[in-house]
Amino acid sequence: MNVRAAAARVLYQVVDQGQSLSQQLPLAQQRIAPRDAALLQEMCYGTLRWLPRLEQIVQSLMDKPLKGKQRVFHHLILVGLYQLGYMRIPAHAAVAETVNATQTLKRPQLRGLINAILRQYQREQTTLDEASTANAAGEFCHPSWLLKRLQEAYPEQWQAIVAANHQKAPMWLRVNRQYHRPDTYLALLKEAGIDGECFVEAGDAIKLAKPCDVSRLPGFDQGWVSVQDAAAQLAVDYLTPQADETILDCCAAPGGKTCHILEHQPSAHVTAIDADAQRLSRIKENLARLGLNATVKQADAREPSTWHSGPAFDRILLDAPCSATGVIRRHPDIKWLRRDSDIAALVTLQAAILDAMWQQLKPGGTLVYATCSVLPDENRHQIRDFLARTPDANLRTGSSEVPGRQILPGEQDMDGFYYACLEKLLT
C-alpha cells in the first residue's frame, strides 16, 4: 500500500472516528512495506502533533471542506502539508507520492485537487505558516480545555510542558538485573554500535542516543532488556518489593511494571490484573519473553470479592486508569481524543479503585498509587482526598500540602508521571 494512503486512513480513523493511534498504527504497518514503517509512524505522529496548524492551512486553501466518503482525502492533504512543512523529504517527491495515493484510495479524480492545494502551499508557505500560528490553537497545538488546566496547575511551567509534549520521546531501556548491570549492558550496546547512557535515579535505566529496532538490542529475545521509560521504571523503587512477598499489580497491562517487580524479586508471588482481556495477552507475552512467572487475571479492581479470596497483599502497585496527559509526546492522539468531561469520570473511577485496593492491603503494607497524568485532580488532589477519608493511611512521599511526587514531561527526559507511596498503619 502507498504509505501516504495508509497514513491518511490512520488519521481518519483517529481524528474522525475516535480510534486509538496505538491500535490503528500497528495494523496499518502490517499492510505496507517494512522499510516504510518508520515513515508511516513519523507522518501520523507529526500530523497529530501539529494538527491545528495544518487544519488552518487547509481551511485557507480550500473553498469548502471535504465531507462524507471524501474525508480520508482531507487527511491525505494534511499528510502532504506535514511532509512539506516539517520533513526533509524532497518537495517534488512529497507532492508526487501524496497525489499518487489517490489511486490507492480509489479516487484518482481527486489528483488534480490535491496537487493544486499542495503546490499552492509551496508558493505561499511563509505566509500560510505565519497565519497558522496567529492564535492560541495554532501556536500551542493543544485543545483549549487542556491548555487551561495546564495554565491553572502550572502557571510558571505550562509552556515548558507544552513544548515537551511536542518533542520526540527518547528510547529508554530497562536492563534485567537478573542478567546484567546497566554499565555492563551499556558496553554490550557499544559493541553493537548503539550509543547510550546510564541514568542515576532509575537504577536499571539506559537512555539511547537514537531509537533503534529492538532486534538490534543484544539479548532482547533472551530477556536481557526491555523498552520502558525511566519514569515508569521508578515504580519499583517506590514499591520496594521484598523476597517471598505477595504483591498485586493492579491495572497491570501491558505488564512492564509486573516484569520489573519480578526482575528485582524473582521469589515474590505477583498477581497481575487488568479489566481488558485483550491487553492481558501483552502481560503474558512480556512474562514469557523474560522467563518470569506471575498469576494473570482479568478482573475489575473495584470488585475484589469477585476475583480474590486469599489473604491481603503485602504490597500493591496501583497504576490507575488516567488521562495519560503525561505521555502526549509518545501518544499525540491523546490531545484530540480526550475530553475535559473525561477527567471527572476518571477521578471517580480512580477513587473507587483506590478505596477497594486499600481493603486488600495488609496492615503495615505499602500501596503505590501511580498515573501517567500531569493533572492535579488525578494526582495530588486525589491523594489529598484519600488521606482525608482514610485514617489508617500514612503518606511516605511528598507532604500533606503537596502529597506525592509529580514528574513533568521532559524532566530529565522522562515522561510525565505521578507517584504517591502510602503505608497502611498497624492497628
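1. Asp 415 is buried, with a relative accessible area of 3%. In this predicted model, Asp 415 sits in the loop that joins β11 (405-407) to β12 (417-424). Setting aside residues up to four places away in sequence, Asp 415 touches Asp 229, Ala 231, Gly 326, Val 327, Arg 329, Arg 330, Ile 407, Leu 408 and Pro 409.

2. The UniProt record, an unreviewed entry, places a "binding site" feature at Cys 251, Ala 252, Ala 253, Pro 254, Gly 255, Gly 256, Lys 257, Asp 274, Asp 300 and Asp 319.

3. Ala 252 belongs to the loop between β5 (246-250) and α14 (256-264). Its relative accessibility is 6%, so Ala 252 counts as buried, the cut-off being under 20%. Not counting residues up to four places away in sequence, Ala 252 touches Thr 258, Ala 272, Ile 273, Asp 274 and Ile 283.

4. Asp 274 is placed in strand β6 (residues 269-274). Asp 274 also counts as buried, because its relative accessibility is 8%. The side chain of Asp 274 reaches the backbone nitrogen of Ala 252 at 3.4 Å. Apart from neighbours within four places in sequence, Asp 274 is in contact with Cys 251, Ala 252, Ala 253, Arg 279, Leu 280, Lys 297, Gln 298 and Ala 299.

5. An open sheet is formed by 4 strands in the order β2-β3-β1-β4, with antiparallel pairing. The edges are β2 (196-198) and β4 (225-227); each has a single partner strand, so one side of each is left without a neighbour in the sheet. From one strand to the next, the twist averages 30°.

6. Within that sheet, strand β1 (residues 172-175) pairs with β4 in the antiparallel sense over 3 bridges. Leu 173 stands opposite Val 227 in β4. Helix α14 packs on the sheet and touches β1 and β4. The direction of α14 makes about 35° with that of β1. The loop that holds Ala 252 lies between β5 and this helix, α14.

7. Phe 220 is found in the loop between β3 (205-208) and β4. With a relative accessible area of 15%, Phe 220 is buried. Leaving aside neighbours within four places in sequence, Phe 220 is in contact with Val 214, Val 225, Ser 226 and Arg 289. Phe 220 and Arg 289 are 69 residues apart along the chain, and their C-alpha atoms are separated by 8.5 Å.

8. Helix α3 (residues 37-49) has 13 residues. From its first C-alpha to its last, α3 reaches 18 Å, close to the 18 Å expected at 1.5 Å a residue. The buried residues in α3 are Leu 40, Glu 42, Met 43, Cys 44, Tyr 45, Gly 46, Thr 47, Leu 48 and Arg 49. These buried residues pack against α1 (3-16), α2 (21-29), α4 (51-61), α5 (71-86), α11 (158-165) and α16 (334-337). Glu 42 and Arg 49 are included among the buried residues of the helix.

Note on methods: Residues are numbered from 1 along each chain as its sequence is written. This is a predicted model: local features need pLDDT of at least 70, side-chain atom pairs count only at pLDDT 80 or more; totals for chains, interfaces and linings use all residues. Side-chain values use heavy atoms; hydrogens and water are left out. Helices (H or I, at least four residues) and strands (E, at least two) are DSSP runs, numbered from the N terminus. The expected span of a helix is 1.5 Å times one less than its number of residues. Buried means under 20% relative accessible area, exposed over 50%, partly exposed in between (1.4 Å probe, protein chains only). Contact means heavy atoms within 4.5 Å. UniProt positions are given in the numbering used here, feature names are shortened, and annotations may be inferred rather than shown by experiment. A polar contact is a pair of N or O atoms within 3.5 Å; within protein, one must be able to donate a hydrogen and the other to accept it, and residues adjacent in sequence count only if both atoms are side-chain atoms. Two strands pair if DSSP finds at least two bridges between them. Axes are lines fitted to C-alpha atoms, for helices over the stretch in contact, and angles run from 0 to 180 degrees between N-to-C directions.
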